Amino acid sequence: MIDSLWGAVESGMLYAFMALGVYITFRILDFPDLTVDGSFTTGAAIAAVMITHGYSPVLASLSGFAGGVAAGTCTGLLHTKGKINGLMSGILMMIALYSINVRILGKPNVSVYGLNTIFTSVKPLVLIPIVVIIVLALLGRFLYSDLGLALRATGDNDRMIRSFGANTDLTKIIGISLANGLVALSGALIAQHSSFADLSGGVGMIVIGLASVIIGEAVFGAKNVIHHIISVVLGSIIYRVVVALALRVEWLEASDMKLITAIIVIVALVLPSTRRVMKQKKMAKKRSAEILTMGQEKSRGGEL
């Protein structure tokens, strides 16, 4: 039980990079990017193939990140320069990446079991938190830089930021590229952690990423950007722990994971709105009681 929970925490931290990528596109840029399902596999495929050819695991992971950046750049160019709808741009790139990933892998899956990976010399539970902290620090610094502020402003109101002379096309391309780079980095690390890269490994990643973002927001809130990105990481860990616990239920099987994911997302979406409605009803009830009390006091004053 304890071992499975520790494994869930490790997986949650690795998938957190993918969740951060989804956070950048969906929350900061307000861009529905479905490239994620393809770029995750791209990162895993590049890392696995390079490791099997004897390259450094660190170089393989960075190359996976670069592959995701390239995929995101193509999606951004399709949307900004090709004037294609954002959702359609992501779908087209996701479809294209399937064939590209087949070319990279050369077969349905590639195993790196027994080979030198980034986790060979250092235990995952030691290395992963260090990598997460480094990425969080770099991402937080970027989002508070001039370019990061322009990126956030583009997602809030692109017309306004364009009126100040900012190139919103460039900021969108940079944001989508960075997001898919993080997604691909997650894929590269997951491939090394699980000892294989699979062609279908990225299926449903967008839903898992959204689940992590929504759970983080629902549980921890979002006071500022730093707090938000930390909540996304914690949301990813919570999601993995919940899935691990759910799979320990006897009548649930591994094939039910997608159903579990859907249920978790539904609960995470419904819970905040339910809380909001209950809070509004409570405030309305309190307000009605105050008005009633005031009316009673006035009526007593009139009688006197």
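**Ground rules.** The model is predicted, so I kept local features to pLDDT of at least 70 and side-chain atom pairs to pLDDT 80 or more, while totals for chains, interfaces and linings use all residues. Residues are numbered from 1 along each chain as its sequence is written, and side-chain values use heavy atoms, with hydrogens and water left out.

**Pockets.** I began with empty space. Rolling a probe the size of a water molecule over the atoms shows where such space is left. My pocket is an open set of points on a 1 Å grid over the protein atoms alone, where a 1.4 Å probe fits, with protein on both sides within 12 Å along at least five of seven lines; lining residues have an atom within 4 Å of a point. Grid points are joined across faces, edges and corners, and the volume is the space filled by probe spheres set on the points.

How much space lies in the largest pocket? I get about 360 Å³. Of its 15 lining residues, Leu-62, Val-131, Val-135, Leu-138 and Leu-185 are the closest to the centre. Helix 3 (57-80), helix 5 (124-143) and helix 8 (168-194) each give two or more residues to this lining, and helix 5 gives the most, with six. My helices are DSSP runs of H or I with at least four residues, and strands are E runs of at least two, numbered from the N terminus. By class, the lining has 14 nonpolar, one polar and no charged residues. I count Ala, Val, Leu, Ile, Met, Phe, Trp, Tyr, Cys and Pro as nonpolar, Asp, Glu, Lys and Arg as charged, and the others, Gly among them, as polar.

The second largest pocket holds about 210 Å³. Phe-40, Ile-190, Ser-194, Phe-196 and Gly-201 are the closest to its centre, out of 15 lining residues. Helix 8 supplies the largest share, four residues. I sorted this lining into eight nonpolar, six polar and one charged.

**Cores.** Next I looked up nonpolar cores (buried Ala, Val, Leu, Ile, Met, Phe, Trp, Tyr and Cys residues joined through side-chain atoms within 4.5 Å). Buried means under 20% relative accessible area, with a 1.4 Å probe and protein chains only. The largest core has 57 residues, and Met-18, Leu-20 and Tyr-23 touch the most other members. Helix 1 (2-28) supplies the largest share of this core, 14 residues. Apart from it I found another core of 16 residues, including Ala-48 and Leu-199. Leaving out residues up to four places away in sequence, Leu-20 touches Val-135, Leu-136, Leu-139, Leu-182, Ile-229, Val-232 and Val-233; contact means heavy atoms within 4.5 Å.

**Helix 3.** Its 24 residues reach 34 Å from first C-alpha to last, close to the expected 34 Å (1.5 Å times one less than the number of residues). Among its buried residues are Gly-64, Gly-67, Gly-68, Gly-72 and Gly-76. The buried residues pack against helix 2, helix 4 (86-105) and helix 8.

**Two buried residues.** Where is Asp-33? I found Asp-33 in the loop between helix 1 and helix 2. Asp-33 counts as buried because its relative accessible area is 0%. Beyond four places in sequence, its contacts include Thr-25, Thr-75, Gly-90 and Asn-180. Ser-89, in helix 4, is also at 0% and buried. Ser-89 touches Thr-75, Leu-78, His-79 and Ile-84, again not counting residues up to four places away.

Key. Buried means under 20% relative accessible area, exposed over 50%, partly exposed in between (1.4 Å probe, protein chains only).
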